[in-house]
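Here's a quick briefing to read with the structure open beside you. Take a look at the model, then work through the notes below.

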Amino acid sequence: MRQADVGIRVVEGDASLMSDAARRYDTVRQGLEEIGDKVLSTEAALGGWQGQAASSYRASSSKVVTSFHAAARVAATTSAALRRYSAELERCQREGTISKRQAERCMTEIETQTRLLSAAESDAEAARAELSVAEHDGTLARGRGVLGAGNAAHADQRAAAARASLTDAQQREQRSRHRLSQLREELAQWRAKGRRAEEEAHAAAHRTAGVLRAQTVTPPLVVAAAVAAPSALESAPAAAGQAGLLTGPGAPFNAPIGLSARAKVDAMVRFADSVLGKPYIWGGGHGGWGPQPGYDCSGFVSAVLHAGGYLNQPCDTSALVGQHGILAGPGHVVTIYDRALPIAGNPGHVIISINGHFYESGGQSGPWGGGGGVESIGRPSASYLATFPNVLHPQGL
Amino acid sequence: MSEFLVTPEDVVAASGRLTAIGGEVDELLRHLGGCASAAAGTPTEGAFDDLLGHFSSMLPHFGLAGEHLGVALTGAGRSYSSCDDHVVGACEAGQDGA
């Protein structure tokens, strides 16, 4: 029986895989909670550590713990949504499968009953014809008086047999019609049930997709870049060298010119990752290469390029083209998509791709994310990338 | 000017625990990677893949954050130790001078 014959589609999807995914997200939730708690317990282990460095560290670790716990909540919500969807999908698939099988059974029996009805109708028609002939023969024979008495009796017997056949055929006809009526009603009910299961599965899927789409994970921003020696000792000559600021997100980073391609890329990624989550600030990043409270699109891209040893000063979107070391065309590892002027309703903007990962500050949001502060976004659509007339790359990358 | 009370060894020991976070997060990431095809064929496929991709791209930042905290503590511990040594050295030099 083909699927279209019964009009029921059992929704696709592997509920057990979905259930497994729910368990995996739950494990991730647990792991993130444990790591967050570990950061907390580490802080407790520092005991009476006090001073500016301690305050700076604690402010940072507190943000990290908050981020870990927030991400754990996202994983928990995702897990719960997937678990619910898995259960609903399994129930709908089970009901859909049962409905489909029952509908197929009804269809098979309808075909059988239709054949039986057709045979009963043929038998009834033949019996009627036989009865008509027998009655006619009987009338003729009785018209011949005593001479036709034998033939009349024989014709009466044939007529009686034909009447019995007709009655039997009519009864079979009636039974088949009655059964067909029952089966068609039953088929309609199974079809309705199957369609309901399909609709419920789709509704559950859309609810789940809505929950999943609403989830977002904000990476931790470590703001205490400089957990350095206490200022009271910074003037001590031996300490001064040791008290150099620690490397950390948000700390100024200047990669020396002449780095290898690999080192340049690593430095750019490290810098970009270190400022993720900083807000979009118009003009941000254009005042210099030092730590910034936020970045605009070109200030951010300039700073990323500078981390790799490019650019002498921050550039806006119209000045990137033609900068020393910035060449036309896509790069092997790093590509800059620059739109200096508004095009087709899109304002000037610039984004950067490093190792296939896209970063930007500001810009338009799309299915790939974006539209906020400094972000790591998914791969934008080809049509969106096509709105950037200047595709550039740093020399050697 | 800071007032401080610190045991440099505790700070350095704590940093070791934090720098391990990167590996733990990587392990979670690998674990999450196992559910890649769970939504295949369902209307949730796009949303599921998007969230999984989002999670996968964000989790490394959590590992980095832990490592950064660890690195910060390591540096702080060294700085405190160095300052301590310098003060001790200066005091001894002063005594010698006396």
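This is a predicted model: local features need pLDDT of at least 70, side-chain atom pairs count only at pLDDT 80 or more; totals for chains, interfaces and linings use all residues.

Residues are numbered from 1 along each chain as its sequence is written, while chains are lettered from A and ligands numbered from 1 in the order in which they are written.

**Chain A overall**

- Chain A has nine helices and six strands; helices (H or I, at least four residues) and strands (E, at least two) are DSSP runs, numbered from the N terminus.
- Of the 397 residues in chain A, 40% are buried. Buried takes 20 or more other C-beta atoms within 10 Å of a residue's own, exposed means 12 or fewer, and partly exposed is in between, with C-beta atoms placed from the backbone.
- Looking at contacts in chain A between residues at least 6 apart in sequence, 69% join residues at least 24 apart. Here a contact puts two C-beta atoms, placed from the backbone, within 7 Å.

- Across from Val374(A) in strand 5 of chain A you'll find Ser361(A).
- Val374(A) and Ser376(A) point one way from strand 5 of chain A, Glu375(A) and Ile377(A) point the other way, and all are buried.

- Leaving out residues up to four places away in sequence, Thr335(A) touches Pro330(A), Ser353(A), Val391(A) and His393(A).
- Thr335(A) and Leu397(A) are 62 residues apart in sequence, yet 8.3 Å apart in space, C-alpha to C-alpha.

**Helix 8 of chain A and what follows**

- Helix 8 (residues 297-307) of chain A has 11 of its 11 residues buried, so it is largely enclosed by the rest of the structure.
- Among those buried residues are Cys297(A), Phe300(A), Val304(A) and His306(A).
- After helix 8 of chain A comes Gly309(A), with a positive phi near 95°.
- Leu311(A) also has a positive phi, near 70°, and it's a residue other than glycine.
- Leu311(A) is in the loop between helix 8 and strand 1 (326-328) of chain A, and it counts as buried because 22 C-beta neighbours lie inside 10 Å.

**Where chain A meets chain B**

- On this interface, 68 residues of chain A are in contact with 53 residues of chain B.
- Helix 2 of chain A gives the largest share of chain A's side, 13 residues.
- By class, that side of chain A has 37 nonpolar, 24 polar and seven charged residues. Nonpolar covers Ala, Val, Leu, Ile, Met, Phe, Trp, Tyr, Cys and Pro, charged covers Asp, Glu, Lys and Arg, and the others, Gly among them, are polar.

**Helix 2 of chain A against two helices of chain B**

- Helix 2 (residues 15-45) of chain A packs on helix 2 (residues 21-33) of chain B at an angle of about 170°, with axes 9 Å apart. Axes are lines fitted to C-alpha atoms, for helices over the stretch in contact, and angles run from 0 to 180 degrees between N-to-C directions.
- That makes these two helices roughly antiparallel. Over 145 degrees counts as roughly antiparallel, under 35 as roughly parallel, 65 to 115 as roughly perpendicular and the rest as oblique.
- The residues making this contact include Arg24(A), Val28(A) and Ile35(A) from chain A, and Glu24(B), Leu28(B) and His31(B) from chain B.
- By class, the contact of helix 2 of chain A with helix 2 of chain B has six nonpolar, three polar and two charged residues.
- Helix 2 of chain A also crosses helix 1 of chain B at roughly 170°, their axes coming within 9 Å, and the two are therefore roughly antiparallel.
- This second contact uses Lys38(A), Val39(A), Thr42(A) and Ala45(A) with Asp10(B), Ala14(B), Arg17(B) and Leu18(B).

**Nonpolar cores**

- In the largest nonpolar core, of 60 residues, Met18(A), Ala21(A), Phe68(A), Ala71(A), Val11(B) and Leu73(B) touch the most other members. A nonpolar core is a set of buried Ala, Val, Leu, Ile, Met, Phe, Trp, Tyr and Cys residues joined through C-beta atoms within 7 Å.
- Helix 3 of chain B gives the most to this core, with 16 residues.
- A second, separate core of 35 residues includes Leu276(A), Phe300(A), Val334(A) and Ile336(A).

How values were computed: Two strands pair if DSSP finds at least two bridges between them.
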